[in-house]
Amino acid sequence: QLQIGFATAVDGTIERIAATGEGLPMVPGEVVGRVSKGVGLPGALLDIAGVAWRMPPPLPPSIPWDLLLASTTGGALGRILLRPVTSWSGATFSTLMPLGFRGGVWWLRARLATLIEVPGLSLDTIADQIGRSGIDFDIEQAAGTGDFRPLARLSLREVVPPGRDLA
């Protein structure tokens, strides 16, 4: 497995769940991403958890989208309040700033759909799970202060081999 600082680099796919034209223009395709610990506390200790991915460009010009989400409180202010978590399962991840699209603001939220039974927030644990059978995140979107609705499924299936440039 490849760990860059406090992160594990991964390959995967994104699949749109929402109807075409509903909300953000996320298109299906291959992604490169990472799972991370913000502070980088060792082993399974609690930390700010993160998930990020670069996905295919949804609209011209052809510039890929980089999406970064961090563990948040998940409540009414959960879109902006970071929260250290003690395990990958049960964490809520959110964009900390809204995305601008067609004159509106949009938030993204992710929740791990794959059960990880090993306690703690170890990068080794999540990298092992990705290497064995992958992990899936349910991605949701919200317009402004509206309710979150399903948008996509992010599937991380392979730990990136050492030496591959991720810039």
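Starting at the N terminus, the elements of the protein chain follow the order β-β-β-β-β-β-β-β-α-β-β. That gives 10 strands and 1 helix. Please keep in mind as we go that this is a predicted model.

Let us begin with the chain as a whole. It has 167 residues, and 46% of them count as buried. Among contacts with a separation of 6 or more, 57% are made by residues 24 or more positions apart. The chain exposes about 8,400 Å², with carbon and sulfur atoms supplying 58% of that area.

Now to the interior. In soluble globular proteins, nonpolar side chains tend to be buried together. Here the largest nonpolar core holds 36 residues, and those that touch the most other members are Trp-53, Trp-88, Phe-137, Ile-139 and Leu-156. Two or more residues each come from strand 2 (7-16), strand 3 (29-37), strand 4 (49-55), strand 5 (65-72), strand 8, helix 1, strand 9 (135-143) and strand 10 (149-159). Strand 10 gives the largest share, 5 residues.

Side chains of opposite charge can pair when their charged atoms come close. The count for this model comes to 5 salt bridges. In one of them, the side chains of Glu-140 and Arg-109 meet at 2.7 Å, N to O. This pair links distant parts of the chain, with Glu-140 in strand 9 and Arg-109 in strand 8, 31 residues apart. Both partners lie under the 20% cut-off for buried residues: Glu-140 is buried because its relative accessible area is 17%, and Arg-109 is buried because its value is 13%.

Salt bridges that share partners join Asp-136, Asp-138, Arg-153 and Arg-157 into one network.

Finally, let us visit two loops. Gly-120 sits in the loop between strand 8 (104-112) and helix 1 (123-132), and counts as buried because its relative accessibility is 11%. Setting aside neighbours within four places in sequence, Gly-120 is in contact with Ala-44, Thr-86, Ser-87 and Trp-88; Trp-88 is also one of the core residues named above. The C-alpha atom of Gly-120 is 6.2 Å from that of Leu-45, although the two residues are 75 residues apart along the chain. Leu-45 belongs to the loop between strand 3 and strand 4 and is partly exposed, with a relative accessible area of 46%. Together with Val-39, Leu-41 and Leu-46, Leu-45 makes a nonpolar surface patch of about 330 Å².

Methods
Residues numbered from 1 in each chain as written. Predicted model: local features only at pLDDT ≥ 70, side-chain atom pairs only at ≥ 80, totals over all residues. Heavy atoms only, no water. Helix = DSSP H or I, 4+ residues; strand = E, 2+ residues; numbered from the N terminus. Buried < 20%, exposed > 50% of the residue type's maximum accessible area, 1.4 Å probe, protein only. Contact = heavy atoms within 4.5 Å. Areas by Shrake-Rupley, 256 points an atom, 1.4 Å probe, with all protein chains shown as cover. Core = buried A, V, L, I, M, F, W, Y, C linked by side-chain atoms within 4.5 Å. Patch = residues over 30% accessible without salt bridge, like charges linked within 9 Å, V, L, I, M, F, W, Y side chains within 5 Å. Salt bridge = Lys/Arg side-chain N within 4 Å of Asp/Glu carboxyl O.
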